[in-house]
Amino acid sequence: MEVFFKEGNIATKNLTPGLKVYDEKLINEEKDGVIEEYRIWNPRRSKLSAALLNGLERLNLNDDSKVLYLGASTGTTVSHISDIAKDGLIYAVEFSPVSMKKLVRLSETRPNILPILADATKPKYYLNKVEKVDLVYCDVAQAKQSELFINNMNLFLKEEGQGLITIKARSIDVVQKPKKIFKEEANKIQSKGYSIVEKIKLEPYEKDHVAFLVEKSF
């Protein structure tokens, strides 16, 4: 995965030089005698950035990766995945028509983003739009997030693929302790034939959040 670390920040090489997505900072760095433009990846605006800064190491995200992104919102994190998977494709599923309008505008300058207006709890409705993918990324803050994550992986994940889910404890139960919730969600995932290969807490960027990197059990 091609990302750039500098002075406590993380950045991705801008697929569309000169253009910003969410008012992020642009920086220039010399690489092999060539000046290249990078976009600072704000960990307080992107849980994937927070996970990477907190030590996520085993994520396989390459320049030709195909990604199913559940909960794409307006495209902040999607845009950085677009930078990394420059020759791949991101199927960006979002339920909100308001967010979808911004996502569609983003896809007009980034051809490797395919916006899909749909409910991630009903993956069969976009079954004919999405091929098998290398990564299923889930950032949908709701009580049954693990279930919809598993259902989408069962339908779309390649045998050797990975899943990444970011879980917000308070979206699942406002009473139980986050540690107990995370253990219960991990058990749900593992009971369906998947292994959790990395567990990353997202503090201080996100409170009571954790990211699970998941692979199929064999």
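**Note on the predicted model: sheet, cores and aromatic pairs**

1. Tyrosine 91 has leucine 114 in β7 as its bridge partner. The two strands concerned are β6 (residues 89-94) and β7 (residues 113-117), which pair in the parallel sense over 5 bridges. Pairing here requires at least two bridges found by DSSP between the strands. Helices (H or I, at least four residues) and strands (E, at least two) are DSSP runs, numbered from the N terminus.

2. On the basis of the note: this is a predicted model, where local features need pLDDT of at least 70 and side-chain atom pairs count only at pLDDT 80 or more, while totals for chains, interfaces and linings use all residues. Residues are numbered from 1 along each chain as its sequence is written, and side-chain values use heavy atoms, with hydrogens and water left out.

3. A β-α-β unit is formed by β6, helix α3 (residues 97-109) and β7, and it is right-handed. The term means that, with the strands pointing away from the viewer, the path from the first strand over the helix to the second runs clockwise.

4. What is the strand order of the open sheet of 7 strands? The order is β7-β6-β5-β8-β9-β11-β10, and the pairing is mixed. β7 and β10 (194-201) are the edge strands, each pairing on one side only. From one strand to the next, the twist averages 15 degrees.

5. Glutamate 198 stands opposite leucine 213 in β11.

6. The loop between β10 and β11 deserves a look. Proline 204 lies in this loop. The peptide bond leading from glutamate 203 to proline 204 is cis, with omega near 5 degrees. Aspartate 208 is found in the loop between β10 and β11 too. Its phi is positive, about 55 degrees, although aspartate 208 is not a glycine. Aspartate 208 is buried, at a relative accessible area of 15%. The cut-offs are under 20% relative accessible area for buried, over 50% for exposed, and partly exposed in between (1.4 Å probe, protein chains only).

7. Aspartate 23 also has a positive phi, near 65 degrees, in a residue other than glycine. Aspartate 23 sits in the loop between β2 (9-13) and β3. Is this residue buried or exposed? With 67% relative accessibility, aspartate 23 counts as exposed.

8. Helix α4 lies across β5, β8, β9 (157-168), β10 and β11, and runs at about 165 degrees to β9. Contact means heavy atoms within 4.5 Å. Axes are lines fitted to C-alpha atoms, for helices over the stretch in contact, with angles from 0 to 180 degrees between N-to-C directions.

9. How many aromatic pairs are there? The count comes to 2. Tyrosine 69 and tyrosine 137 are stacked, at 4.6 Å centre to centre and 25 degrees between the planes. Tyrosine 69 is in strand β5 (residues 66-70) and tyrosine 137 in strand β8 (residues 133-138), so this pair links parts of the chain 68 residues apart. Tyrosine 69 is buried at 2% relative accessible area; tyrosine 137 is buried at 0%. The rings of Phe, Tyr and Trp (its six-membered ring) pair if their centres lie within 6.5 Å; planes under 30 degrees apart count as stacked, over 60 as edge-to-face and the rest as tilted.

10. Tyrosine 126 and phenylalanine 156 have ring centres 5.8 Å apart and planes at 15 degrees, so this pair is stacked as well. Tyrosine 126 is in the loop between β7 and β8, phenylalanine 156 in helix α4 (residues 145-156), so the pair ties together parts 30 residues apart in sequence. Tyrosine 126 is buried at 1% relative accessibility, and phenylalanine 156 is buried at 2%.

11. The largest nonpolar core has 30 residues, and Leu68, Leu70, Tyr126 and Phe212 have the most contacts inside it. A nonpolar core is a set of buried Ala, Val, Leu, Ile, Met, Phe, Trp, Tyr and Cys residues joined through side-chain atoms within 4.5 Å. α4 gives the most to this core, with 5 residues. Apart from this core lies another, of 29 residues, including Trp41 and Ile90.
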